[in-house]
Amino acid sequence: MKLILTTDVDGLGGPGDSVEVKDGYGRNYLLPRGFAILATKGAEKQVQVIRRAQESSRIRDLDHAREVKAQLAGLGNVPLTAKAATGSKKLFGSVTTSDVVSAVKAAGGPVLDKRALELPGHIKTTGRHSVSVRLHPDVTAAFTLEVSSAG
């Protein structure tokens with residue numbers, strides 16, 4: 001099955017790459033998750049659009065990754081409010097990677113890819129939690145997420 005990747009897939013390629021995969025892998029994993037589209041004549045034209053969109057949020061090189069790491073280090077504690085029971089540290093639900101990306105952006109930090117975040121399990125309580133981000137194969141940044149109750 002010939003597909004065009006829309007995102008980075010470990011061991012396969014990056015966005016815009018045209019790849020040949022086994023039918024089951026493409027049909028049952030890549031296509032339903034939106035990681036790829038079928039390679040048709042119209043899709044070939046979309047490759048440039050996909051690449052341009054990915055380049056805007058991608059870490060360009062090692063130096064850029066180090067700059068983003070320095071920005072994250074300069075933020076200190078990143079505040080995040082979530083719904084919790086009154087008088088309890090337990091949250092209703094848990095903090096998602098999308099919530100963390102929004103909190104970093106709101107705190108004046110860089111725009112991060114939510115797939116690059118590594119949460120310490122499910123964050124279901126208020127308090128401080130350490131979050132790491134894979135910015136580059138050689139650069140990993142860490143910051144503290146301070147979850148507080150919204151009432």
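**Exercise 1.** Leaving aside its neighbours within four places in sequence, with which residues is Phe143 in contact?

*Solution.* The model is predicted: local features need pLDDT of at least 70, side-chain atom pairs count only at pLDDT 80 or more, and totals for chains, interfaces and linings use all residues. Residues are numbered from 1 along each chain as its sequence is written, and side-chain values use heavy atoms, with hydrogens and water left out.

Step 1. Apply the criterion for contact, namely heavy atoms within 4.5 Å.
Step 2. With neighbours within four places in sequence set aside, the partners of Phe143 are Leu72, Val78, Val100, Val104, Leu117, His129, Ser130, Val131 and Val133.

**Exercise 2.** Identify the residues with the most contacts inside the largest nonpolar core, and the elements that contribute to this core.

*Solution.* Step 1. A nonpolar core is a set of buried Ala, Val, Leu, Ile, Met, Phe, Trp, Tyr and Cys residues joined through side-chain atoms within 4.5 Å; buried means under 20% relative accessible area, exposed over 50%, and partly exposed in between (1.4 Å probe, protein chains only).
Step 2. The largest core has 25 residues, and Leu112, Phe143 and Leu145 have the most contacts inside it.
Step 3. Two or more residues come from each of H3, E4, E5, H4, E8 and E9, and E9 gives the most, with 5 residues. Helices (H or I, at least four residues) and strands (E, at least two) are DSSP runs, numbered from the N terminus.
Step 4. A second, separate core of 7 residues includes Leu3, Val9, Val19 and Ala36.

**Exercise 3.** Determine how the buried residues of helix H4 are arranged around its axis.

*Solution.* Step 1. In H4 (residues 97-106), the buried residues are Val100, Val101, Ala103 and Val104.
Step 2. Viewed down the axis of H4, they fall within an arc of 165 degrees (taken from the directions from the helix axis to the C-beta atoms), so they line one face of the helix.
Step 3. The face turned away from this buried side carries the exposed residues Lys105 and Ala106.
Step 4. The cover over the buried residues of H4 includes helix H3 (62-75), strand E4 (77-82) and strand E9 (139-149).

**Exercise 4.** Is Thr126 buried or exposed?

*Solution.* Step 1. Thr126 lies in the loop between strand E7 (123-125) and strand E8 (127-136).
Step 2. Its relative accessibility is 14%, so Thr126 counts as buried.
Step 3. Beyond neighbours within four places in sequence, Thr126 is in contact with Ala84, Lys89, Leu91, Val147, Ser148 and Ser149.
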